[in-house]
Amino acid sequence: MLKQNKKTIASVLLIVFTLATTIFVFKDNIAEAATHVWQCVNCGKQMSVGGNGHPTSSLGCGGDYNKRHVWQMIR
Ligand SMILES: [Zn+2]
């Protein structure tokens, strides 16, 4: 009887572990699709970009329209 209970507990723990892992991976995927904040390493300008997007290398770094921002994901 005691042996049977231990087996049941092990099974329940395995199910909980599997569920927790699944939820964690699922949450991770949502975070991946969330908005990221990019910052220019030269002038410090910040830009929010959704998903796996990358800011367009827009001109106007430091107010100079001959220079491009150098984006780096900070969040
Ligand atoms: Zn810049």
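Colleague: What share of the protein chain is made up of buried residues?

Modeller: Buried residues make up 15% of the 75 residues in the protein chain, where buried means under 20% relative accessible area, exposed means over 50% and partly exposed is in between, with a 1.4 Å probe and protein chains only. This is a predicted model, in which local features need pLDDT of at least 70 and side-chain atom pairs count only at pLDDT 80 or more, while totals for chains, interfaces and linings use all residues. Residues are numbered from 1 along each chain as its sequence is written, and side-chain values use heavy atoms, with hydrogens and water left out.

Colleague: How many helices and strands are there in the chain?

Modeller: The protein chain has one helix and five strands, and read along the sequence they follow the pattern α-β-β-β-β-β. Helices (H or I, at least four residues) and strands (E, at least two) are DSSP runs, numbered from the N terminus.

Colleague: Which strands are in the open sheet, and in what order?

Modeller: The open sheet has three strands in the order 2-1-5, with antiparallel pairing; two strands pair if DSSP finds at least two bridges between them. Strand 2 (46-50) and strand 5 stand at the edges with a single partner strand each, so one side of each has no neighbour in the sheet. On average, neighbouring strands of this sheet are turned by 35° against each other, direction ignored, where the axes are lines fitted to C-alpha atoms, for helices over the stretch in contact, and angles run from 0 to 180 degrees between N-to-C directions.

Colleague: How many bridges join strand 1 to strand 2, and how many join strand 1 to strand 5?

Modeller: Five bridges join strand 1 to strand 2, and three join strand 1 to strand 5. Tryptophan 38 has its bridge partner in strand 2 at methionine 47, and in strand 5 tryptophan 38 stands opposite methionine 73. Strand 1 and strand 2 also form a hairpin with five residues between them, and glycine 44 in the turn has a positive phi of about 85°.

Colleague: And what about strand 3, which strand is joined to it?

Modeller: Strand 3 (residues 59-61) is joined to strand 4 by two bridges, and the two run antiparallel. In this pair cysteine 61 stands opposite aspartate 64, and in the hairpin, which has two residues between the strands, glycine 62 takes a positive phi near 65°.

Colleague: Switching topic, which atoms hold the zinc ion as donors?

Modeller: The protein donors are Cys40 (SG), Cys43 (SG), Cys61 (SG) and His69 (ND1), lying 2.0 to 2.4 Å from the zinc ion. Donors are N, O and S atoms within 2.8 Å of the metal (3.2 Å for Na, K and Ca), and water is not among the atoms, so sites may look incomplete. Along the chain the donors follow the spacing C-x2-C-x17-C-x7-H. Cysteine 40 lies in strand 1 (residues 35-40) and histidine 69 in the loop between strand 4 (64-68) and strand 5 (71-73), so this pair ties together parts that are 29 residues apart in sequence.

Colleague: What geometry does the site have?

Modeller: The site is tetrahedral, with angles of 99 to 115° among its four donor atoms; four donors count as tetrahedral if all angles lie between 85 and 135 degrees. For comparison, the ideal angle for four tetrahedral donors is 109.5 degrees.

Colleague: Is histidine 69 buried or exposed?

Modeller: Histidine 69 is buried, with a relative accessible area of 5%, and cysteine 40 also counts as buried, at 2% relative accessibility. Leaving aside neighbours within four places in sequence, histidine 69 is in contact (heavy atoms within 4.5 Å) with residues including Cys43, Lys45, Ser58 and Gly60.

Colleague: Which residues make up the largest nonpolar core?

Modeller: The largest nonpolar core consists of Trp38, Cys40, Val49, Cys61 and Trp71, five residues in all. A nonpolar core is a set of buried Ala, Val, Leu, Ile, Met, Phe, Trp, Tyr and Cys residues joined through side-chain atoms within 4.5 Å. Not counting residues up to four places away in sequence, tryptophan 71 touches several residues, among them Trp38, Cys40, Met47, His54 and Thr56.

Colleague: Where does threonine 56 lie?

Modeller: Threonine 56 lies in the loop between strand 2 and strand 3, and this residue is exposed, with a relative accessible area of 60%.

Methods: Tetrahedral: all angles 85-135°; square planar, octahedral: opposite > 155°, others 65-115°.
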